[in-house]
Amino acid sequence: MKSKWVFQKLKTHIPSQVSSLISPLKTEITRNPSITTSTFVLNHQDISQLLSICGREGYLRLGTSIHASIMKNHEFFNPETRDNFQDVLIWNCLLAVYAKSRKSIDAVKLFDEMPIKNTVSWNTLISGFLTNGDFEMGFALLKQMLELDFYRLDQATLTIVLSACDTPEFCKVGRMIHGLALLKGFEREITVCNALITSYFKCRCFGPGKQVFDEMLERNVISWTAVISGLAQNHLYENSLHLFVKMCNGYVKPNSLTYLSSLVACSGLQALVEGRQIHGHVWKLGIQSDLCIESALMDMYSKCGSLEDAWRIFESAEDLDEVSMTVILAGFAKNGSDEEAIQFFVKMVKMGINIDPNMVSSILGVFGADTSLGIGEQIHSLVIKRNFSSNIFVSNGLINMYSKCGDLVESIKVFIRIPQRNSISWSSMIAAFARHGDGFRALQLYDEMRLEGVEPTDITFLSLLHACSHVGLVEKGMEFLKCMTEVHRIIPRSEHYACVVDMLGRAGLLSEAKSFIEALPVKPDVLIWQSLLGACSIHGDSELGKYAADQLFVTAPETAAPYILMANIYSLKGRWKERAGTIKKMKEMGVAKVTGTSWIEIEKKVHSFVVEDKMHPEADTIYFVLKGLFRLMVDEGYVMDKRFILYYLDQKEKGI
């Protein structure tokens, strides 16, 4: 006969999730003049289900009440007179309640007092410690479990431990668990292999992860998705997309997570054609309305430069969440629609949409020299009201926003208030000083950063090189480049090399800059050649400038930079015919010069102007004032520099 358990509890205190277990057949209501109580008669299965709910939903108080009732039943502690299988199930469920409630001490005490244990008991306790971040105790329990012959680990043990190995520092642990799986004969178990693949990719051990997948005799959708997702998350987008295509051509069909990972790969590759094809697949399957899929599609389209498609999905979405809002904001920013992004954010605030730190961080990223400092200050006020100041990403965004909008003092104030600065915080502040021409303060801040034990990133070194360039510290800049590669093992990007070329060029070391480019381990791109040509423009070196311009004509024939900079070099030398020929060639090639824009912020509104702009409503007044100022400048001895006026305009003026 199966035992039954009798509990008395206030009826009003029963959680709603538990009420389904309490059927009329199991409940007897006892009336009392002062209070109503319920007597619950439950069997082992009911108790185990009830404890499972307590662990999942966090009902620690109810779980401890059940524990107390069990302790009162002395018969429960006698394994010889009980159903061991049913009893150990209840003990394990109770153990899970304490483990999931982060009551580690109580969990260990219960584990030690349990009259009967099995592998599930050990797995539950190990999982509790690993989930709560106590890896030392979790791995110690695993070692103890292996040392006891009676307790044999199973597939669940391996998958539990592997799920905790999700950062690069656990790569060696993952390899050890892999060896243990081979030793215990679990190398063909699909759940273990899937866990190994996921762990290896999260630990950035791509080779072993891919090898496990290749050696699997049977693969399910989780196996394929684990590799496709792992490759995409580690920026191996091309490999990820190739494997996704291979999966689609096989017998295993992708699920929504697989499609999500493939869209991430398309975003990374800016593969618009493939992204549209995947969009067609999810549409046919009817999962295009899934919030995660919609956000991934918007992200893919915006990163591929098709903001209209991203906006179309956003507008047609039935439900929107914070992720969707953040993605579309980032899409505006990435596609140069800064003003639209700010307007959209302001509209969200006015509509009462719940603004989260990720949205604020995204909108702060669109601010530049031509955006309104006043709006940025309003967003800062919103940050303070919503108590987002403690969010490191928001604080870092504020540093960048203020420095780009010209307020270095406020950037410093935000930086000082950050309690726990990360590498981005330091890099942002170093970049702020470099942006404002205070290169020496930028270098000093780097020294403080290193004293704090913060590791620099590629962005840090980019800002340092920029600072060295503007203060003429060539040797120091070259030291930073060497430190970046040899000490911190950071591979320089094209931006770093372009910054070095700019640094050498500004110092007048044009031949050294040319030699530096020729010795690069990568093929020079537009940024690098443009930096060299810009330096030649500053120093008027027409010969080397012609060489750099020729390289730019080949690398980026559609850009106006080589034409304009060469025209300026010829003007500096007074070679008007060559300048006129360069401008003529630019027009023949159909290359348009980007119009230069000036702006000023007055009363939180940005006013923009181009050459001979008469569109402003106050244009007549502006030109009247400028004319008066010009007379004052001439009276003070100002002489117009005609070197950069086009040849035909120069001739026209001489004929006047």
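Predicted model: local features only at pLDDT ≥ 70, side-chain atom pairs only at ≥ 80, totals over all residues.
Start with helix α24, residues 439-451. Its 13 residues should span 18 Å at 1.5 Å a residue, and the end C-alpha atoms lie 19 Å apart, which agrees. Six names make up its buried set: G439, A442, L443, L445, Y446 and M449. Viewed down the axis of α24, these buried residues fall within an arc of 160 degrees, so they line one face of the helix. The general rule behind such a pattern is simple. With 3.6 residues a turn, residues three or four places apart in an α-helix point the same way.

What covers that buried side? The cover includes α22 (408-417), α23 (423-435), α25 (458-471) and α26 (474-487). The face of α24 turned away from the buried side carries F440 and L451, both exposed. After α24 comes G453, with a positive phi near 80 degrees.

Now turn to the cysteines. The structure holds one disulfide. C171 is joined to C205, with an S to S distance of 1.9 Å. C171 lies in helix α8 (residues 171-184), while C205 sits in the loop between α9 (190-202) and α10 (206-215), so the pair ties together parts 34 residues apart in sequence. Both ends are shielded: C171 counts as buried at 14% relative accessibility, and C205 is buried at 9%.

C165 is in no disulfide. Its nearest cysteine sulfur, that of C203, is 6.0 Å away. C165 is buried, with a relative accessible area of 0%. C248 is partly exposed, with a relative accessible area of 25%.

Notes. Residues numbered from 1 in each chain as written. Heavy atoms only, no water. Helix = DSSP H or I, 4+ residues; strand = E, 2+ residues; numbered from the N terminus. Expected span 1.5 Å × (residues − 1). Buried < 20%, exposed > 50% of the residue type's maximum accessible area, 1.4 Å probe, protein only. Arc of directions from axis to C-beta. Contact = heavy atoms within 4.5 Å. Disulfide = S-S within 2.5 Å.
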